[in-house]
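Try each task before you read its solution.

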Amino acid sequence: MDLLPLFQWFEATRLGTVVRESLWLFPVIECVHLLALSLLGGAVLVVDLRLLGLGLRSQPVPELARKIQPWLTLSVVTLIATGIPMFLSEAIKCYYSPPFWYKMGLLVLAIAFAYTVRRAALEQERAPLMAKMLAVVSMSLWFGVGFSGRWIAFY
Amino acid sequence: MDFLPFIRWLDATPGSVAIRESILLYPVIETTHVLMLCLFLGMIAMLDLRLLGVGLRGVPVSQVAGRLLPWALAGFVLMAVSGALLFYSGPLRAWGNVFFRIKMVMILLTGVNALVFHWTVYQRVVSWDNDARPPLRARVAGFCSLMLWCGVVICGRMQAYNWFDKVSG
């Protein structure tokens with residue numbers, strides 16, 4: 001399937017054009033994207049560190065996960081909402097960028113994992129091995145998203 | 001005191017040129033710097049949100065600070081090292097950049113804010129450790145920290161754009 005026409009259409013959208021033609025819009029959106037990334041890091045790591053037996057060790061996992069969940073969702077929603085206009089403004093560049101495709105694949109996996117397997121698993125205390133595996137998968141997926149995201153700028 | 005001759009000298013050192021011109025080294029350092037935000041600012045934000053009374057309610061403040069700040073410190077060290085290398089890769093450009101200067105001042109202010117917090121209201125943390133809404137001075141400290149670090153990130157990002165570059169060559 002040839003997706004290039006679709007990406008050309010993305011690039012020509014009103015929103016994409018407005019962001020591309022503005023001097024300051026892209027940088028400003030990018031700043032919000034970075035701030036949301038920081039919040040995502042906190043929301044993911046507080047729980048994953050706990051699963052590894054580190055960080056807030058004396059907190060029960062289900063309660064901690066419940067308290068953190070709104071911040072996780074807030075950061076993911078903000079990241080997507082700021083990511084879309086940036087993508088639209090340079091969709092054709094993204095089409096030819098390998099890191100962009102890695103990022104999108106990993107992003108789908110990371111979100112799916114966070115909101116299905118991990119979320120369900122965190123509803124009760126788990127055996128240490130299971131908890132550690134959850135944390136490692138979660139951190140690896142999100143790290144992959146962040147890493148490949150940064151490399152869209154380089155390749 | 002005029003730092004410019006030193007900055008010029010630094011800019012011309014072989015190490016500085018090597019990072020600047022490297023295809024792999026610069027992106028790797030840059031990526032480390034950005035991703036460490038997740039660890040450093042992520043942990044700081046969790047403490048600040050707790051101080052503001054909006055996040056991690058029910059977890060004692062001393063526990064949030066005691067258990068998460070070591071991770072934030074580890075993140076800070078990695079941010080400082082990768083940041084110093086980024087500076088080293090183009091000192092002349094950074095030096096003349098207004099965002100770089102504002103960023104450095106803001107980092108100093110976050111340090112002052114943290115010290116004031118630890119030396120004053122945090123000394124009496126036992127009396128408000130479990131409060132869902134910490135005392136005003138703690139909330140102010142959390143708010144200042146959050147705003148200043150957001151400012152640091154914004155300036156750091158803006159520094160990469162060459163809008164106000166003043167080449168003092």
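## Exercise 1: the interface

Chain A and chain B bury about 3100 Å² between them, 77% of it on carbon and sulfur atoms; buried area is the accessible area (1.4 Å probe) that two parts lose on being put together, summed over both. The model is predicted, so local features need pLDDT of at least 70 and side-chain atom pairs count only at pLDDT 80 or more, while totals for chains, interfaces and linings use all residues. Residues are numbered from 1 along each chain as its sequence is written, chains are lettered from A and ligands numbered from 1 in the order in which they are written, and side-chain values use heavy atoms, with hydrogens and water left out.

**Task.** Describe the side of chain A that touches chain B.

**Solution.** 

Step 1. Start with the residues: 35 from chain A and 35 from chain B take part in the contact, where contact means heavy atoms within 4.5 Å. Leu56(A), Trp71(A) and Arg150(A) supply 17% of the area that chain A buries against chain B, more than any other three residues.

Step 2. Next come the polar pairs. Seven residue pairs are in polar contact across the interface, both residues being at pLDDT 80 or more. A polar contact is a pair of N or O atoms within 3.5 Å; within protein, one must be able to donate a hydrogen and the other to accept it, and residues adjacent in sequence count only if both atoms are side-chain atoms.

Step 3. Now assign elements. On chain A, helix H3 (25-51), helix H4 (61-89) and helix H7 (128-151) each give two or more residues to this side; helices (H or I, at least four residues) and strands (E, at least two) are DSSP runs, numbered from the N terminus. H3(A) gives the largest share, 16 residues.

Step 4. Finally, sort by type: this side of chain A holds 24 nonpolar, seven polar and four charged residues. Here Ala, Val, Leu, Ile, Met, Phe, Trp, Tyr, Cys and Pro count as nonpolar, Asp, Glu, Lys and Arg as charged, and the others, Gly among them, as polar.

## Exercise 2: salt bridges

**Task.** How many salt bridges does the whole structure have over all chains, and how many cross the interface of chain A and chain B?

**Solution.** 

Step 1. Apply the rule: a side-chain nitrogen of Lys or Arg within 4 Å of a carboxyl oxygen of Asp or Glu. The search finds seven salt bridges over all chains, and two across the interface of chain A and chain B.

Step 2. Look within chain A. Glu11(A) pairs with Arg20(A), the closest N and O atoms being 3.7 Å apart. Glu11(A) is buried at 17% relative accessibility, whereas Arg20(A) is partly exposed at 36%; buried means under 20% relative accessible area, exposed over 50%, partly exposed in between (1.4 Å probe, protein chains only).

Step 3. Cross to the other chain. Glu30(A) lies in helix H3 of chain A and Arg157(B) in helix H7 (residues 136-159) of chain B, so the pair joins two chains. Their side chains meet in a salt bridge at 3.2 Å, N to O, and both Glu30(A) and Arg157(B) are buried.

Step 4. Return to chain A for Lys67(A) and Glu63(A), whose closest N and O atoms are 3.2 Å apart in a salt bridge. These two residues are separated by about one helical turn because they are four residues apart in helix H4 of chain A.

## Exercise 3: a buried serine

**Task.** Is Ser89(A) buried or exposed, and which residues is Ser89(A) in contact with?

**Solution.** 

Step 1. Ser89(A), in helix H4 of chain A, is buried, with a relative accessible area of 5%.

Step 2. Leaving aside neighbours within four places in sequence, Ser89(A) is in contact with Glu11(A), Gly16(A), Val19(A), Arg20(A) and Phe26(A). A polar atom of the Ser89(A) side chain lies 2.8 Å from the backbone oxygen of Met86(A).
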